Every structure is written in structure tokens, then in C-alpha cells.
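Please consult the sequence and the model shown below while reading.

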Amino acid sequence: MGKKASGKKDKKLTAEEEAEAIQQAREVQERLEELNQQADQLKYQIRRCEIESQRSSLTLKEIEPLADETKMYRQVGKMFLLQPKPDLAKHLQANAALKTVESNQLKQALQKLGEQATHEANSLKEIIGDEKMKQTFGPNAGK
């Protein structure tokens with residue numbers, strides 16, 4: 001008789017624990033979605049930096065064969081400023097270097113986000129269990 005009463009109590013606790021696990025899983029899922037959005041933004045920013053760096057490098061290659069006395073204009077916002085070729089070349093080199101460094105920093109931040117996402121996925125795996133994880137996300141989930 002005592003076992004039956006405790007059996008019913010265990011089922012009740014299991015239902016409460018399951019509801020709590022579902023809530024925790026939802027929270028982890030929301031964090032994972034947020035991390036994915038941040039990762040997408042970082043990937044976009046990395047791509048923009050790489051494009052700017054490449055644009056500066058290619059422009060620098062194009063102006064190298066020109067004479068130093070050639071009139072050159074640099075875009076500043078919506079206007080163009082007349083600048084000597086050496087100044088423009090320095091600006092392009094600095095811009096390319098700056099964007100390369102910025103891109104590397106963003107890649108490191110993306111790597112940290114990936115580590116956070118892995119941690120969150122492991123948390124989700126702990127919450128719902130290996131079997132449920134495989135049923136929900138496929139046999140390769142969590143690897």
C-alpha cells in the first residue's frame with residue numbers, strides 16, 4: 001500500500017518536473033535563437049569588412065602605376081576631396097589594414113558565440129535527455 005501512494009506521488013513530481021524541464025528547454029531554445037541571430041549579424045559584418053579591405057587593396061593596385069602628380073579624389077560622405085596620390089595611397093593602406101583587423105576581431109567574437117551556442121546545446125541535451133534529443137533533432141544531434 002505504501003508503494004502505491006509513493007508511486008502516485010512520483011508521477012505527480014514527474015509531471016511537475018517535466019513542465020519545469022519544458023520551460024527550461026524553451027528558455028535555452030530562445031537563447032540559442034538569439035545567439036544564431038547575433039552570429040548572422042557578425043557574419044554579415046565580417047563580410048562587409050572583407051569587401052571594404054579588398055576594395056581598398058584593389059584600388060591601391062590600380063593607382064600604383066599612375067604618376068604622383070595625377071589629380072585624385074577621395075570620397076568623403078557625399079562629396080569628393082582632391083588629394084595628392086601619396087596621401088590617398090596611405091589612406092587606402094590604412095583602411096585595408098583597419099578592416100582586416102576589424103574582420104579578425106569579429107571572427108574571434110563569432111567563435112566565442114559558437115562556443116556559447118555549443119554550451120547552450122549541451123544544456124538543452126542535459127535538460128531533455130539523450131533519447132529525446134535524438135528523437136527531436138535526429139541521430140547526429142549534440143555531436
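## Salt bridges and cores

Asp68 and Lys85 form a salt bridge in which the closest N and O atoms are 3.6 Å apart. Asp68 lies in the loop between helix 1 and strand 1 (72-76), whereas Lys85 lies in helix 2 (residues 85-128), so the pair ties together parts that are 17 residues apart in sequence. Lys85 counts as buried, at 9% relative accessibility. A salt bridge here requires a side-chain nitrogen of Lys or Arg within 4 Å of a carboxyl oxygen of Asp or Glu. Buried means under 20% relative accessible area, exposed over 50%, and partly exposed in between (1.4 Å probe, protein chains only).

The model is predicted; local features need pLDDT of at least 70, side-chain atom pairs count only at pLDDT 80 or more, and totals for chains, interfaces and linings use all residues. Residues are numbered from 1 along each chain as its sequence is written, and side-chain values use heavy atoms, with hydrogens and water left out.

A search of the whole structure finds seven salt bridges. Side chains of opposite charge can pair when their charged atoms come close.

| Pair | N to O distance |
|---|---|
| Asp68 and Lys85 | 3.6 Å |
| Glu52 and Arg48 | 3.7 Å |
| Lys99 and Glu102 | 3.7 Å |

Glu52 and Arg48 are four residues apart in helix 1 (residues 2-63), which separates them by about one helical turn. Arg48 is partly exposed, with a relative accessible area of 35%. Lys99 and Glu102 both belong to helix 2, where they are three residues apart, about one turn of the helix. Glu102 counts as partly exposed at 30% relative accessibility.

The chain contains three helices and two strands, and from the N terminus on its elements run α-β-β-α-α. Helices (H or I, at least four residues) and strands (E, at least two) are DSSP runs, numbered from the N terminus. Of the 143 residues in the chain, 22% are buried. The accessible surface of the chain comes to about 11,300 Å², and 52% of this area belongs to carbon and sulfur atoms; the areas come from the Shrake-Rupley method with a 1.4 Å probe. Among contacts in the chain with a separation of 6 or more, 64% are between residues 24 or more positions apart, contact meaning heavy atoms within 4.5 Å.

Which residues make up the largest nonpolar core? This core has 12 residues: Ala25, Val28, Leu32, Leu35, Ala39, Leu42, Ile46, Cys49, Leu106, Leu113, Ala117 and Leu124. Helix 1 and helix 2 each supply at least two residues of the core, and helix 1 gives the most, with eight residues. Apart from this core lies another, of six residues, including Leu60, Met72, Ala89 and Leu92. A nonpolar core is a set of buried Ala, Val, Leu, Ile, Met, Phe, Trp, Tyr and Cys residues joined through side-chain atoms within 4.5 Å.

Two residues illustrate the contacts in more detail. Val28 is in contact with Glu120, Leu124 and Ile127, leaving aside its neighbours within four places in sequence. Gln83 is placed in strand 2 (residues 79-83) and counts as buried at 18% relative accessibility. With its neighbours within four places in sequence left aside, Gln83 is in contact with Met72, Arg74 and Leu88.
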